[in-house]
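Open the model in your viewer and keep the sequence panel beside it. The stops below can be selected one after another.

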Amino acid sequence: MAESEIEIVVEDPDAPAKNSPVVSSIRTVDMVVSVLLVAFAGLMAFDNWRTGMSWSFDGPQAGYLPFYLSVILGGASLYGLGAAYLSKTELRKSFVTRDQLRRVLQVFLPTLLFIIAIQWLGIYVASFLLVAGFMRYVGRIAWWKSVVTSLVFTAAMFITFDVAFDVIMPKGPLEAAFGR
Amino acid sequence: MEAFGLLLQGFGVLLTWKMLALMMVGLVLGIFVGVLPGLGGPNGVAILLPLTFSMDPTSAIVMLSCIYWGALFGGAITSILFNIPGEAWSVATTFDGYPMAQKGRAAEALTAAFTSSFIGSLFAVLLITFLAPSVATFALRFGPPEFFAVYLLTFCSFVGLGREDKHKTIISLSLGLLLCGIGMDTVSGQLRMTFGSTELLRGINFLVAVIGLFGVSEILLTMEERLALRGHAAAITLRTVWKVWRELPRYWATLLRSSVIGSWLGVTPGGAIAASFMGYNMAKRFARDPKSFGTGRIEGVFAPETAAHASGTAALLPMLALGIPGSGTAAILLGGLMVWGLNPGPLLFVEHKDFVWGLIASMYLGNVVGLVIVLTTVPLFAAVLRVPFAAIAPMILVSCAIGAFAIQNAMFDIWLMLLFGVVGYVFKKIGIPLAPFTLALVLGNRAESSFRLAMIGAGGDLTVFWSNGLVGTITTLAFTLLFWPLISALFERGRRLLVPVKSGRSGRA
């Protein structure tokens with residue numbers, strides 16, 4: 001039957017290669033996260049101890065439950081640290097390969113810039129730049145396509161949120177110039 | 001039949017042009033969300049939640065729940081045509097759905113998936129219609145100790161029954177509960193864990209965390225995979241639909257079994273993912289020729305889809321009746337209830353009849369309309385995948401940022417969202433489950449205040465949690481579930497001591 005033919009094909013030319021070198025094993029990351037969690041638990045436990053973690057006549061004080069939660073979190077993370085250190089399976093599995101890390105940073109860094117830009121340019125202008133820039137530089141999509149798509153998307157967002165639903169968003173000089 | 005009368009009233013609320021339009025919008029958006037990789041039910045609902053802030057609660061929940069139904073339908077499309085599960089709960093659908101597509105039976109597989117989804121959720125909605133009101137009436141007797149016991153039961157069942165490493169579930173739960181505590185303590189008014197920051201005074205908003213954990217992290221995860229795809233295209237004709245539907249009665253046992261499994265796992269915090277696998281495995285186990293599964297059997301599509309949809313729908317039962325969500329998406333809807341100024345819990349059935357019955361009626365109508373939409377427009381939605389991910393990813397990120405900001409109008413929340421995105425990405429890769437984290441974030445404050453109210457009521461006496469039969473049973477059950485792995489290990493050892501060595505391995509896998 002004609003239906004069995006493959007009809008939709010999307011290529012991904014710079015997909016992460018299978019044999020890309022491993023940057024870090026799951027074990028290493030698991031151990032780092034466990035240490036961070038232990039530190040976080042310690043900090044929280046200290047703060048709650050300061051707030052008051054004892055049992056007064058009518059039940060627990062404000063810091064009582066969070067204090068013991070930090071203790072549980074710290075305990076479980078310490079256990080996790082040991083378990084990860086001893087784990088053979090986690091050692092063998094890759095957390096991220098170099099190619100994968102490159103791709104993840106390709107999204108992460110633009111997002112970071114986008115959030116910084118929101119504070120100066122407002123969310124709509126920043127969105128336009130993110131979508132157009134990402135499509136052009138990461139997706140290698142033609143200039144005009146990127147700009148038009150981004151413009152349509154941003155305008156649709158503006159109309160939905162600002163005009164139709166009155167949701168307040170951070171705005172910048174451009175919106176001010178149009179008096180909105 | 002009081003429920004029936006109220007349900008009719010619910011349909012009355014629903015049958016206005018505005019509501020029907022909102023339902024359609026919700027369903028179409030939901031199917032998009034389900035089809036697109038890197039966007040799932042929970043984050044779709046979380047991102048679109050801000051749109052509903054200015055709506056009345058009934059319209060809001062109808063639209064959001066329709067997004068959820070749409071996402072449940074949409075997940076099947078990519079699993080069958082592209083062998084890419086758009087949602088985790090449609091992984092099991094690929095096992096037989098994709099082979100069917102390869103054999104040129106894509107249209108049949110899709111029809112089977114949509115129809116069984118419909119049957120599964122219909123089963124669960126019937127359950128909700130007739131069971132939820134009685135559960136809610138029963139729960140009206142609950143005081144703070146009972147509520148705390150129920151919360152405890154929910155948390156403990158995650159630890160005891162979850163498949164992940166126990167310590168990782170505990171980390172996830174305790175971290176979520178701890179983050180909930182940041183800000184002002186609602187009982188004493190004291191500030192805690194704010195470290196003098198005015199931003200932390202507000203506390204960590206649950207929805208901001210969800211958008212980061214599910215939306216942003218999913219984009220990061222999707223990017224590192226190979227995004228190339230090759231798939232089949234299919235249009236469903238009336239003849240295919242008729243052909244599949246005529247075969248349906250033959251599979252009644254599979255459908256019923258999956259519906260029951262799905263509803264059970266949906267009510268308990270097991271979730272649609274577990275349900276779809278269990279539905280598939282059970283169908284395989286009960287089949288006369290289990291080996292033919294995986295080669296493109298229609299039953300292999302019926303079983304997981306029915307279970308996933310039944311579970312996704314049934315997850316709303318405890319949310320409506322008790323204020324305890326049975327799934328991640330239900331947790332977000334619950335977060336929505338609080339934003340719209342409703343107090344989740346059994347009183348909802350008394351104080352907001354229109355809201356509850358409007359929602360239940362919309363489940364019926366939404367699934368019927370959803371079925372019609374997906375059956376008629378599959379080629380359109382499959383074509384959505386032609387849109388390059390490089391265009392979709394930044395748009396999703398922008399929607400996430402807008403969503404995170406809109407909740408409390410705080411720039412800080414956008415940063416928090418990014419942080420949670422990274423946390424979600426790392427947690428998913430090192431195997432710390434996110435579901436307990438989400439649940440802890442949404443229920444934490446309520447659990448704490450019910451604990452402390454119970455303590456104030458009992459003068460600080462912990463035995464209040466065993467003070468009557470009801471609360472005692474729930475609390476004991478909670479602890480049993482918490483230590484379930486230990487208990488079952490003990491039983492196992494005991495049995496091995498009793499049984500002679502000769503009988504060999506016990507059948508437990």
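Is Asn409(B) buried or exposed? Select Asn409(B) and look at its surroundings: with 11 C-beta neighbours inside 10 Å, Asn409(B) counts as exposed. This is a predicted model, so each stop on the tour describes predicted coordinates. Asn409(B) sits in the loop that joins helix H18 (389–408) to helix H19 (411–430) of chain B. Its phi is positive, about 50 degrees, although Asn409(B) is not a glycine. Most residues other than glycine have a negative phi.

Now select Arg140(A), in the loop between H5 and H6 of chain A. Arg140(A) also is not a glycine and has a positive phi of about 50 degrees. Arg140(A) has 12 other C-beta atoms within 10 Å and is therefore exposed, the cut-off being 12 or fewer.

**Chain A as a whole**

Chain A has 7 helices and 5 strands, and along the sequence they follow the pattern β-β-α-β-β-α-α-β-α-α-α-α. The radius of gyration of chain A is 25 Å, well over the 16 Å that the globule rule gives for 180 residues, so chain A is more spread out than a compact globule. Taken along the principal axes, the C-alpha atoms of chain A fill a box of roughly 65 × 50 × 40 Å. Of the 180 residues in chain A, 36% are buried.

Colour residues 24–95 and 97–177 of chain A separately: these are domain 1 and domain 2. Their centres, taken over C-alpha atoms, are separated by 37 Å. Among contacts in chain A with a separation of 6 or more, 63% are between residues 24 or more positions apart.

Next, colour chain A by pLDDT. The average is 87, and 96% of the residues score at least 70. Among the elements of chain A, S1(A) has the lowest mean pLDDT, 71, while H5(A) has the highest, 93. Where pLDDT is low, the predicted coordinates should not be read in detail.

**Where chain A meets chain B**

Bring chain B back into view. How many residues of chain A are in contact with chain B? The contact involves 70 residues of chain A and 66 residues of chain B. On chain A, the elements that each supply at least two residues to this side include strand S1 (6–10), helix H1 (26–51), helix H2 (64–86) and helix H4 (98–121). By class, the side of chain A that touches chain B has 46 nonpolar, 15 polar and 9 charged residues.

**Inside chain B**

Select residues 299–314 of chain B, which form helix H13. At 1.5 Å a residue, its 16 residues should span 22 Å, and the end C-alpha atoms are 22 Å apart, which agrees. In H13(B), 16 of the 16 residues are buried, so the helix is largely enclosed by the rest of the structure.

The last stop is Thr438(B), in helix H20 (residues 435–458) of chain B. Thr438(B) has 26 other C-beta atoms within 10 Å and is buried, because the cut-off is 20 or more. Which residues is Thr438(B) in contact with, leaving aside its neighbours within four places in sequence? They are Val210(B), Leu213(B), Gly328(B) and Ala331(B). To finish, draw a distance line from Thr438(B) to Leu213(B): the two are 225 residues apart in sequence, and 8.7 Å apart in space, C-alpha to C-alpha.

How values were computed
Residues numbered from 1 in each chain as written. Chains lettered and ligands numbered in written order. Predicted model: local features only at pLDDT ≥ 70, side-chain atom pairs only at ≥ 80, totals over all residues. Contact = placed C-beta atoms within 7 Å. Helix = DSSP H or I, 4+ residues; strand = E, 2+ residues; numbered from the N terminus. Nonpolar A, V, L, I, M, F, W, Y, C, P; charged D, E, K, R; others polar. Expected span 1.5 Å × (residues − 1). Domains from an automatic or database assignment. Rg over C-alpha atoms; globule rule 2.2 N^0.38 Å. pLDDT = per-residue confidence, 0-100.
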